[in-house]
Amino acid sequence: MIEKLTPILIFIAVLGSGLIAGLFFAFSAFVMKGLYRLSPQQGISAMQSINNAVLNRLFFTLFMGTSLVCIILVIISILNWQDPNAIYIFTGSLLYLLGSLLVTAVCNVPLNDTLANVIATDPESFGQWKDYYSKWTAWNHVRTISSLISLALFVFVLWGI
């Protein structure tokens, strides 16, 4: 039964990690750069609005659903460690969980929470925006690369199945 379920879970992980990698890539490649080109007041306000808008059922289902699938795949890979693909499934899942889920929870969300309390019109917020931008973007690069490598490993496994 697990043998039939595993390719389906990997396919779901491909879709989920691919969508998340694309979302993070868009922020790293141009969204944050575009926001930073605005005045600090406009950039802060826009990012606060984005951070509120992302808190929706569709995003949570995708992000947390992919995380749940990766947790299941970690368990399956450990239980089937003799399988030649187990290391790829394990590594892809762990990269997603650590590089996407954990980095989001430990790094990006606290930065977002801090930004939520910034008053965009306050002149002191301009320095906070610069600091936020550099830290948030750096951690987002980590999320992008981790999700992309996860995607690649999952696709590699599907090609071999």
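This is a predicted model: local features need pLDDT of at least 70, side-chain atom pairs count only at pLDDT 80 or more; totals for chains, interfaces and linings use all residues.
**Notes on the helix packing and a few residues**

1. Starting with the cysteines: the disulfide count comes to zero. Which cysteine sulfur is closest to that of Cys70? The one in Cys107, 18 Å away, and that is too far for a bond.

2. Next, the packing of H1 and H3. Helix H1 covers residues 2-37, and helix H3 runs over residues 57-79. Their axes are 9 Å apart, and the packing angle is about 135°. That makes H1 oblique to H3, because roughly antiparallel would take an angle over 145 degrees. As for handedness, H1 passes H3 in a left-handed crossing.

3. Who makes that contact? From H1, the list includes Ile2, Leu9, Ile12, Gly16, Leu19, Leu23 and Phe24. On the H3 side you'll find, among them, Phe59, Leu62, Phe63, Val69, Leu73 and Ile76. By class, the contact of H1 with H3 has 16 nonpolar and four polar residues, and no charged ones.

4. Now the other helix pair, H2 and H5. Helix H2 is residues 40-53, while H5 spans residues 125-160. At what angle do their axes cross? Roughly 55°, and the axes come within 9 Å. So H2 is oblique to H5: roughly parallel would mean an angle under 35 degrees, and roughly perpendicular starts at 65. H2 passes H5 in a left-handed crossing.

5. H2 brings Pro40, Gln41, Gly43, Ile44, Met47 and Asn51, and H5 brings Ser125, Phe126, Trp129, Tyr132 and Trp136. The contact of H2 with H5 divides into seven nonpolar, four polar and no charged residues.

6. Lys33 sits in H1. For a sense of scale, the C-alpha atoms of Lys33 and Cys70 are separated by 31 Å, with the two residues 37 apart along the chain.

7. Ser77 belongs to helix H3. Ser77 counts as buried, at 2% relative accessibility. Not counting residues up to four places away in sequence, Ser77 touches Ala86, Ile89 and Phe90.

8. Last one: Leu153, in helix H5. Its relative accessibility is 17%, so Leu153 counts as buried. Which residues does Leu153 touch, not counting those up to four places away in sequence? Tyr88, Thr91, Gly92 and Leu95. Leu153 and Thr61 are 92 residues apart along the chain, and their C-alpha atoms are separated by 22 Å.

Note on methods:
Residues are numbered from 1 along each chain as its sequence is written. Side-chain values use heavy atoms; hydrogens and water are left out. Helices (H or I, at least four residues) and strands (E, at least two) are DSSP runs, numbered from the N terminus. Buried means under 20% relative accessible area, exposed over 50%, partly exposed in between (1.4 Å probe, protein chains only). Contact means heavy atoms within 4.5 Å. Axes are lines fitted to C-alpha atoms, for helices over the stretch in contact, and angles run from 0 to 180 degrees between N-to-C directions. Angles under 35 degrees count as roughly parallel, over 145 as roughly antiparallel, 65 to 115 as roughly perpendicular and the rest as oblique. A crossing is left-handed if the near helix is turned anticlockwise from the far one by less than a right angle, and right-handed if clockwise. Ala, Val, Leu, Ile, Met, Phe, Trp, Tyr, Cys and Pro count as nonpolar, Asp, Glu, Lys and Arg as charged, and the others, Gly among them, as polar. A disulfide is a pair of cysteine sulfur atoms within 2.5 Å.
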